[in-house]
Amino acid sequence: MASDNFQPHDYYLMDELLTDEHKLIRETARAWVKKEVTPIVEEACQTTTFPKQWIKGLAEIGAFGPYIPSEYGGAGLDQISYGIIMQELERGDSGLRSTASVQSSLVMFPIYSYGSEQQKKKYLPKLATGDLMGCFGLTEPDHGSNPNGMITNIKDKGDH
Amino acid sequence: MAGFTTPETHGKWSLRASATGELVFDNVKIPKENIFPNVKGLKGPLGCLNSARYGIAWGVIGAAMDCYDSALRYSKERIQFGKPIGAFQLTQKKLAEMITEITKAQLLTWRLGVLKSESRATPAQISMAKRNNVNMALQIAREARQIHGGMGITGEYPIMRHMMNLESVITYEGTHDIHLLITGMDVTGFNAFS
C-alpha cells in the first residue's frame, strides 16, 4: 500500500460516549497500526506471510486479553476497550485482528473463565506476552454450523 | 505434544497475512491436569464464541471505515468529465449510504459494549451485531471498490484486501445465515435449525 492517510469517521460524535482511557487506548493502537502494520501488510498478503514481529507489538499495545485481570498478565480493561482495540487492528487487516481476538477470546477467555487457578497462572501471563500463541478449532470435515455433531472424542485411560 | 500437528491451509484468497491450519489430534495423550474443571460440554466453546463474536462486531467497523475513508478521498481526487467523481450523484449515493451504515453500526456496537461490560449482553444480541456489522463492512468494501474504479483492484489501495478478508469473516464464528436464525429463534421462540 502506497501510504496510510487514514482519518477516522465519527459522524454522530460518538467520541463523547468514550472515556479518556478509551481514547488513549485507541490512539495507541492506531499509531502502532500506522507505524508497523499498514506499511507492510500489502506485501505480507501478496506473499502470504505473517509478520512475526507483530506478535510482540500486539502484546505491547495490550491486544492479548485486554479484559483479563492484570494479576494474570492481562490489561484489566473493560469490554469497550477490547472492542476499540479490535476495531483499530482490523482497520489494518482482518487477519491481524483475528490473531488478537482468537488469542483473547478463544484461548485466554476460556482458561480464565473455566480453568483452575493453577492453569490460569501457568498459561495466561505467557499468552498475554505472546510467548505462547493459542489456537481454536470448532469445525470438522463433516460438521461446521452443527458443532453438536462433532465426532472427535476422548477416551479416559486413567492417567490421561 | 506427541500426535498433535497443525498442517497449514495454503492457497487462501482471504486472510493471506495470517496463518490458518487444521488441528490434528492423532492419539494425543492429554494430561488430566489440562482438563478445565469448571465447565462441561458445548457451553465452554459457545461462551468463547460470544466473546469472539463481540470482538468481530467491533473489528469490522475498522475495515469498513478504512474502505469508506479511502473511497471518500479518492472521490475528491479523481476527475472525470471535468469534475471530481464525488460531485456525481451516484458516487454521493454510495458514500452517503456508507457513512450512514457505519454510523448505525457504531451506535449499535457501542451500546452492545455497555451491555457486555455490565454482563447483560445476550448471545442473541451479539449475533445481531456480528451479522449486521460484517455484512455492512462487506457491502461497503464492494461499493468502495467501485468508487476506486480499476485502481480498486490493485494493492495501492486496501479495498480488495479488506473485501477478501471479510468473505471469511462473514462465514466464520457463525455464518451470516446462522446468525439470522438465532435472531429468528430469539424473537419467535421457534428453533428453525433442524
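**Close-up views of a predicted two-chain model**

**Figure 1. Glu173(B) sits in the loop between α4 and α5 (176-188) of chain B.** The model shown here and in the other views is predicted. Glu173(B) is not a glycine, yet has a positive phi of about 60°. Most residues other than glycine have a negative phi.

**Figure 2. Leu13(A) belongs to the segment before α1 (20-46) of chain A.** The phi of Leu13(A) is positive, at about 50°, although Leu13(A) is not a glycine. Read from the N terminus on, the order of elements in chain A is α-α-α-α-α. The C-alpha trace of chain A spans about 60 × 40 × 30 Å along its principal axes.

**Figure 3. Chain B meets chain A through 63 residues of chain B and 62 residues of chain A.** The area buried between the two chains is about 5200 Å². Carbon and sulfur atoms give 64% of that area. On the chain B side, the residues that lose the most area to chain A are Arg16(B), Ala17(B) and Arg161(B). Together these three account for 13% of what the chain B side buries.

**Figure 4. Polar contacts between chain B and chain A number 24 residue pairs, counted with both residues at pLDDT 80 or more.** Helices α1, α2 and α4 (159-169) of chain B each supply at least two residues of the side that touches chain A. The largest share of this side comes from α1(B), with 23 residues. Sorted by class, the side of chain B that touches chain A has 34 nonpolar, 17 polar and 12 charged residues.

**Figure 5. Arg161(B) and Asp93(A) form a salt bridge through their side chains.** The N to O distance in this pair is 2.6 Å. Arg161(B) is also one of the residues of chain B that lose the most area to chain A. Between chain B and chain A the count is 3 salt bridges.

**Figure 6. Arg91(A) and Asp66(B) form a salt bridge through their side chains.** Here the N to O distance is 3.0 Å. Arg91(A) lies in helix α3 (residues 79-92) of chain A and Asp66(B) lies in helix α1 of chain B, so the pair joins two chains. Over all chains, the structure holds 16 salt bridges.

**Figure 7. The second largest pocket has a volume of about 260 Å³.** The pocket is lined by 14 residues. Closest to the pocket centre are Gln79(A), Lys116(B), Ser117(B), Ser119(B) and Arg120(B). Within chain B, α1 (43-77), α2 (89-117) and α3 (123-147) each supply at least two residues of the lining. The lining of this pocket divides by class into 6 nonpolar, 5 polar and 3 charged residues. Rolling a probe the size of a water molecule over the atoms shows where empty space is left.

Terms used:
Residues numbered from 1 in each chain as written. Chains lettered and ligands numbered in written order. Predicted model: local features only at pLDDT ≥ 70, side-chain atom pairs only at ≥ 80, totals over all residues. Heavy atoms only, no water. 1 Å grid on protein atoms, 1.4 Å probe; cavity = no way out; pocket = protein on both sides within 12 Å on 5 of 7 lines; lining within 4 Å. Points joined across faces, edges and corners; volume = space filled by probe spheres on them. Helix = DSSP H or I, 4+ residues; strand = E, 2+ residues; numbered from the N terminus. Nonpolar A, V, L, I, M, F, W, Y, C, P; charged D, E, K, R; others polar. Contact = heavy atoms within 4.5 Å. Buried area = accessible area lost by both parts, 1.4 Å probe. Salt bridge = Lys/Arg side-chain N within 4 Å of Asp/Glu carboxyl O. Polar contact = N/O pair within 3.5 Å; in protein donor to acceptor, adjacent residues only side chain to side chain.
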